[in-house]
Each structure stands twice: as structure tokens, then as C-alpha cells.
Amino acid sequence: MKNCLRLMTAVLTALILAGCSGGAALPPRRNGLSYMKVSLEERYTVASAMEESDLVILARVGDWLGENAEQTVTYYRAEVLKTFKDKNGEGSEIVLIQDGDSESTVQGYPLFTAGNELLLFLKKASAPDYENAYWMAGSFAAFFDAARDKSGRLYYLDRYGIFGQSVTGCENLFLGTDRTLIEELRAYQEKTDSLAPERQIHYVFSADELERTLSPANNAE
């Protein structure tokens, strides 16, 4: 009964927020009232995540679809912008599952919101209400934010400094002395995400360079 009331409250709040946001359904609360305890049993590298994932995509988060309080996960509609690996022949849209809900989130890892652009390494999920649901391999420690500079050039950012450590053959542009690029990337993210200024950045990679490390051989499944 308690979980049902939580879900009803969350849905009502999301509908109100959707009206204020120009139509997109948003999470009722992005930082939970408590923090989840997370233990990373397996720390992925980009190479291992690429190998073990069923779907690797550049995606844009869309509507918040709901949450499962018992499993402490949240569901979103996500638009596929670019595909690097696809074992199941998914189309232009999937359901994305993120650890955490409006009551409990990982510290420093708020719920996504409409407009977030992400490079995701995903595994097929069993979700009764969704046929094309995927969960994030490695959770918060194995994905990249995506952002563009003023010219429209795409970059991938690691906010936690874990996943980026495994990247080889790519220059970490965050270490450069010219901070103009970083300011432009932050400004791009802040257009759609009010919490973007709170993010740390540890690695910034050119999309052209990083995408070359996503081996085409992994797509030939």
C-alpha cells in the first residue's frame, strides 16, 4: 500500500512538472530523500562494456515513464541518435532503466531528465511493462555525458572519473589550458538540465576519437 501511494504521488507530481516544462514528463524529484548504498561488483572498461553490452548508443532522454519502488529504478523513454552496437535490432526508441527513484538515489547521481544526451552501454532487461527495456551496464560508473561546443562538434564527458580512466588513444581535453571548450560544453548541458552546473568533469574526449575505439567488430553479432 505504501509503495502504491508513493507511485501515485510520483505520477501526480510528474504530471504537474510536465505542464511546467512544455510537455515532457519529468521525474517528480531528481535527488532522492535518501542515498542508496552502491557496491560496484564489476568495474567496466570501455572495451569490456562494449563487448558485454547488447546495445551501445548515443541517446537523448525523453519522458519519465515511472518508477519501481521495490527495485528502486526509474524508467524513461529514450531516443536513439546513433547506434554503435545492436544485438536485438532495436528501432529509434527504447525504454531506459536507471538505478534510483524519487525517494532514493546514488549520491552525486541524480535522476536523468528530458534532454540529457548520453553515450550508453546497455543490457537487455526483463521489465513486464516494457518490451524494449534496457539497463545500464556498470550503472553510474559506465556511461558518458554528451555535449556540443558552439560549432556543433560533439564531445563525451566523464563526470565520475572512473570510466574515462580506461580510454586509450584519446586525448583528455579537460587537461588543456584553454577553458573555453569546457565552458561551451557546460553551457550546452545547462540548456536542458538545471543540475548540470553541479556535475564534476574529469575527462573530455572528442567524439571522433572516442567513437573510433568502439570496435566495429563488436557489431557483427
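**Cores, contacts and a pocket**

Q: Quick one to start: is Leu58 buried or exposed?
A: Leu58 counts as buried, because its relative accessibility is 4%, under the 20% cut-off. Bear in mind that this is a predicted model.

Q: Where does Leu58 sit, and what is it in contact with?
A: Leu58 belongs to strand S2, which covers residues 55-68. Leaving aside neighbours within four places in sequence, Leu58 is in contact with Glu79, Val80, Leu81, Lys82, Phe84, Leu118, Leu119, Ala146, Leu154 and Tyr156.

Q: How far apart are Leu58 and Leu81?
A: In sequence they are separated by 23 residues, while their C-alpha atoms lie 5.4 Å apart in space.

Q: What does the largest nonpolar core look like?
A: It has 23 residues, and those with the most contacts inside it are Ile57, Ile94, Leu96, Phe112, Leu120, Leu122 and Met136. Two or more residues come from each of S2, strand S3 (73-86), S4, strand S6 (117-124) and strand S7 (133-136).

Q: Which element gives the most to this core?
A: That is S2, with 5 residues. As a general point, nonpolar side chains tend to be buried together in soluble globular proteins.

Q: Which residues does Phe112 touch?
A: Not counting residues up to four places away in sequence, Phe112 touches Pro27, Arg30, Val61, Tyr76, Leu96, Gln98, Leu118, Met136, Phe143 and Arg159.

Q: What about the backbone at Thr72, what is its phi?
A: The phi of Thr72 is near 55°, which is a positive value in a residue other than glycine. Most residues other than glycine have a negative phi. Thr72 is in the loop between S2 and S3, and with a relative accessible area of 19% it is buried.

Q: And Ser139, what is the phi there?
A: Ser139 also has a positive phi, of about 50°, although it is not a glycine. Ser139 lies in the loop between S7 and strand S8 (143-148), and at 9% relative accessibility it counts as buried.

Q: Changing topic: which residues line the second largest pocket?
A: The lining is made up of Asn31, Tyr35, Gly108, Tyr109, Pro110, Arg159, Tyr160, Leu195, Glu198, Arg199 and Gln200. Of these residues, 5 are nonpolar, 3 polar and 3 charged. Tyr109 and Pro110 of this lining are also among the residues that Gln98 touches.

Q: How much space lies in that pocket?
A: About 200 Å³ of space lies in the second largest pocket.

Terms used: Residues are numbered from 1 along each chain as its sequence is written. This is a predicted model: local features need pLDDT of at least 70, side-chain atom pairs count only at pLDDT 80 or more; totals for chains, interfaces and linings use all residues. Side-chain values use heavy atoms; hydrogens and water are left out. On a 1 Å grid over the protein atoms alone, a cavity is a set of points where a 1.4 Å probe fits but cannot get out, and a pocket is an open set with protein on both sides within 12 Å along at least five of seven lines; lining residues have an atom within 4 Å of a point. Grid points are joined across faces, edges and corners, and a volume is the space filled by probe spheres set on the points. Ala, Val, Leu, Ile, Met, Phe, Trp, Tyr, Cys and Pro count as nonpolar, Asp, Glu, Lys and Arg as charged, and the others, Gly among them, as polar. Helices (H or I, at least four residues) and strands (E, at least two) are DSSP runs, numbered from the N terminus. Buried means under 20% relative accessible area, exposed over 50%, partly exposed in between (1.4 Å probe, protein chains only). Contact means heavy atoms within 4.5 Å. A nonpolar core is a set of buried Ala, Val, Leu, Ile, Met, Phe, Trp, Tyr and Cys residues joined through side-chain atoms within 4.5 Å.
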